[in-house]
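Here is a protein to read together. Look it over before the questions start.

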Amino acid sequence: MRCFPYGAWWRSVRRTAHRHQLLSAHHLSASASTNMGVEKEKLDTSIIMDEDEFNRSIEPILSKKGKVCSAAQDRDPNDINTHLKVSFADVIGEPMSTHSFDKVWIGSHATFELVKFFFYRLLTTLLAVPMAFILGLVFGVLSCIHIWLVMPVIQSVMMLLPSAQKIWRSLMDIFISPPFHSLGKCLSSIQVQTTED
């Protein structure tokens, strides 16, 4: 049996569209009569259950009919694209004072999710392999440059820095420190006094 990815999606559409409503399912009508046939009584029974509870109650029935879809693998284990997890409720929201018709709301939600789903699939079908090739090439070149050029140059500079530091300190002590030291001694003998007239 083929697994369709729309089941969970459609459940989320229905769940968000009727989040605070209760489902009224399975209206059962039964006629009961006594053996004498004189009294007839009509029973009307309603089972009220939350949508999550309803979905949980039919899952065992659905799993017996065919192959159950296994959970999709996590293709973003490091959560580098968590900001792209955008749902209909993140983009469009109607306040309590302004509501469109329920059918329009459900249709808009379904259209949003379907168009997003199909265009992503279409664009990844056309662009994923060429972009993977280009990105693999770019990151391969960058890795090669970093490993074989940048890091050896940095390590070479780090090896030369202690001796360069000694040479620089010697040059500072020979040429820069004596004149500034002398200038500081000359200026330290100046005294400033203020007088009031």
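Questions and answers on this model follow.

Me: What kind of model is this, and how are residues numbered?
Reply: This is a predicted model, where local features need pLDDT of at least 70, side-chain atom pairs count only at pLDDT 80 or more, and totals for chains, interfaces and linings use all residues. Side-chain values use heavy atoms, with hydrogens and water left out, and residues are numbered along each chain as its sequence is written, from 1.

Me: What pLDDT does the protein average?
Reply: pLDDT is the predictor's confidence in each residue, from 0 to 100. At least 70 is the score of 64% of the residues. The average for the protein is 76.

Me: Which element has the highest mean pLDDT?
Reply: Helices (H or I, at least four residues) and strands (E, at least two) are DSSP runs, numbered from the N terminus. Strand 1, residues 23-33, has the lowest mean, 38. The highest mean, 94, belongs to helix 4.

Me: How many contacts beyond four places in sequence does the model have for residues 16-36?
Reply: Contact means heavy atoms within 4.5 Å. Over residues 16-36, pLDDT stays under 50. Even there, the model has contacts beyond four places in sequence, and they number 35.

Me: In what order do the elements run from the N terminus on?
Reply: The protein has four helices and two strands. From the N terminus on, their order is α-β-β-α-α-α.

Me: Is His109 buried or exposed?
Reply: His109 sits in helix 4, which covers residues 102-188. Buried means under 20% relative accessible area, exposed over 50%, and partly exposed in between (1.4 Å probe, protein chains only). His109 has 6% relative accessibility, so His109 is buried.

Me: What percentage of the residues count as buried?
Reply: The protein has 197 residues. Of these, the share that counts as buried is 7%.

Me: Are the rings of Phe117 and Phe118 stacked, tilted or edge-to-face?
Reply: Rings of Phe, Tyr and Trp (its six-membered ring) pair if their centres lie within 6.5 Å; planes under 30 degrees apart are stacked, over 60 edge-to-face, and the rest tilted. The structure holds three aromatic pairs. For Phe117 and Phe118, the centres are 5.3 Å apart and the planes lie at 70 degrees, so this pair is edge-to-face.

Me: What is phi of Asp79 near?
Reply: Asp79 is in the loop between helix 2 (51-65) and helix 3 (88-91). At 45% relative accessibility, Asp79 is partly exposed. Its phi is positive, in a residue other than glycine, and lies near 55 degrees.

Me: How many disulfides does the whole structure hold?
Reply: A disulfide is a pair of cysteine sulfur atoms within 2.5 Å. Cys144 is partly exposed at 43% relative accessible area, and Cys186 is exposed at 52%. A search of the whole structure finds a disulfide count of zero.
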